[in-house]
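This report looks at one protein chain, part by part. Keep the sequence and the 3D view open while reading.

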Amino acid sequence: MLTNLRSFTIVDMAKLAIDGQAMDAKTFWPLYQTFVKSIVLYREYMPSTFYEVVLSIHLLAVQKYIIIPKKIMLEKMLFVIDAINHQPTRSSNVEMRSLKRLLNFINGWIMSGNDNRRDSIENFLAAARRLQIDVITMNDLQVSMTDIWTKSQTVRETGTPTGLQQLSYYAEIVPPFELTSIGDYLHQVIRDKRIKVQELAQYGFSKTKVYRMYDDDASFRVNDLLTLMPHLGLMPGDLDAVVPQFNDATYRVKYNLQFVAETFIPTAVAQAKMRYDETGHLGFLEQWLELRMILVVD
């Protein structure tokens, strides 16, 4: 199923973290690339349970393309290094931050051909061993940072030229995402999951309603969204991740009331009521009622 998807949501990533352990490197590779493209949308969203999924997938990639191969394919190794170095982390994500630091050192050592960088790597690993964080463990996965360094040295032993140009194509396969609305995001999910619009009719979504939703997501209700999400493999976390990225302030008011300054709420109430009177869209009615409730509670 995963091989047919052009992007992953949280449910898909969780499946990859589990099923990927039994996959060979060839099967896992295109799925890892899809994961790397997809994770860009979740750069501001990293609760602990999701962090475990993300770290597990990256550790699988380290195992399959750095530690296990008898002969490392430099292009894949550099891609994994780039992907992990671009992975957003919090200060509490000690395992990921340690892995990023090591791989950044190794990348500089490989690309520059400067053996003075070897001392920095050795000192870092010595400190990691003293602190007993040199082995990264996540669920059933264990990756030794010492093993990563040991295998990485075989790349230079095979005659990698000094000043090698970056071979990783990370930047080429990770396009910038510019989503504008919930409807825009749902359009992307339906397209990337290769779901046919007519398949949604059984859940009460005619072709006309779906296309209207793409263009103007104020035309569907929250109940519509809750009905549709399970059939698209979406969780609330997927929306938590993407909604704050919308540039239009309307969406910050409509979906992220924590972004609305207290002094602005009366104005937002009036605007929502005006938009509902003008359009008749129930989305603006819901917004108006929710903001009014905040005023009443306050």
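## The largest cavity

Helix 9 gives the most residues to the lining of the largest cavity, 3 in number. The model is a predicted one. In total, 10 residues line the largest cavity, and those nearest its centre are S7, F8, L41, Y185 and Q188. By type, the lining of the largest cavity divides into 6 nonpolar residues, 4 polar residues and no charged residues.

How is such empty space found? Rolling a probe the size of a water molecule over the atoms shows where empty space is left. Counting cavities of 30 Å³ or more gives 1. The space in the largest cavity comes to about 50 Å³.

## Helix 9 and R191

Helix 9 covers residues 182-192, and R191 lies in it.

R191 and S7 are 184 residues apart along the chain, yet their C-alpha atoms are separated by 9.3 Å. S7 is also one of the residues named as lying nearest the centre of the largest cavity.

## Salt bridges around D192

How many salt bridges does the model have? The count comes to 6. One of them joins the side chains of R6 and D192, with a distance of 4.0 Å from N to O. This pair links distant parts of the chain: R6 is in the segment before helix 1 (10-19), D192 is in helix 9, and the two are 186 residues apart. R6 has a relative accessible area of 38%, which makes it partly exposed. D192 has a relative accessibility of 8%, and because this is under 20%, D192 counts as buried.

D192 has another partner, R191: their side chains meet in a salt bridge of 3.4 Å, again N to O. Through shared partners, salt bridges join R6, R191 and D192 into one network.

## The salt bridge between K193 and D12

Which residue forms a salt bridge with K193? The partner is D12, and the closest N and O atoms of the pair are 2.5 Å apart. This pair also links distant parts of the chain, with K193 in the loop between helix 9 and helix 10 and D12 in helix 1, 181 residues apart.

Both partners are on the buried side of the cut-off, which is under 20%. K193 has a relative accessibility of 13% and so counts as buried. D12 has a relative accessible area of 5% and is therefore buried as well.

Helix 10 consists of residues 207-215, and K209, V210, M213 and Y214 are buried in it. Why can these residues be said to line one face of the helix? Seen down the axis of helix 10, the buried residues fall within an arc of 145°, so they line one face. T208 and D215, on the other side of helix 10, are exposed.

What covers the buried residues of helix 10? The cover includes helix 9 and helix 11 (222-232).

Terms used
Residues are numbered from 1 along each chain as its sequence is written. This is a predicted model: local features need pLDDT of at least 70, side-chain atom pairs count only at pLDDT 80 or more; totals for chains, interfaces and linings use all residues. Side-chain values use heavy atoms; hydrogens and water are left out. Helices (H or I, at least four residues) and strands (E, at least two) are DSSP runs, numbered from the N terminus. Buried means under 20% relative accessible area, exposed over 50%, partly exposed in between (1.4 Å probe, protein chains only). The arc is that of the directions from the helix axis to the C-beta atoms. Contact means heavy atoms within 4.5 Å. On a 1 Å grid over the protein atoms alone, a cavity is a set of points where a 1.4 Å probe fits but cannot get out, and a pocket is an open set with protein on both sides within 12 Å along at least five of seven lines; lining residues have an atom within 4 Å of a point. Grid points are joined across faces, edges and corners, and a volume is the space filled by probe spheres set on the points. Ala, Val, Leu, Ile, Met, Phe, Trp, Tyr, Cys and Pro count as nonpolar, Asp, Glu, Lys and Arg as charged, and the others, Gly among them, as polar.
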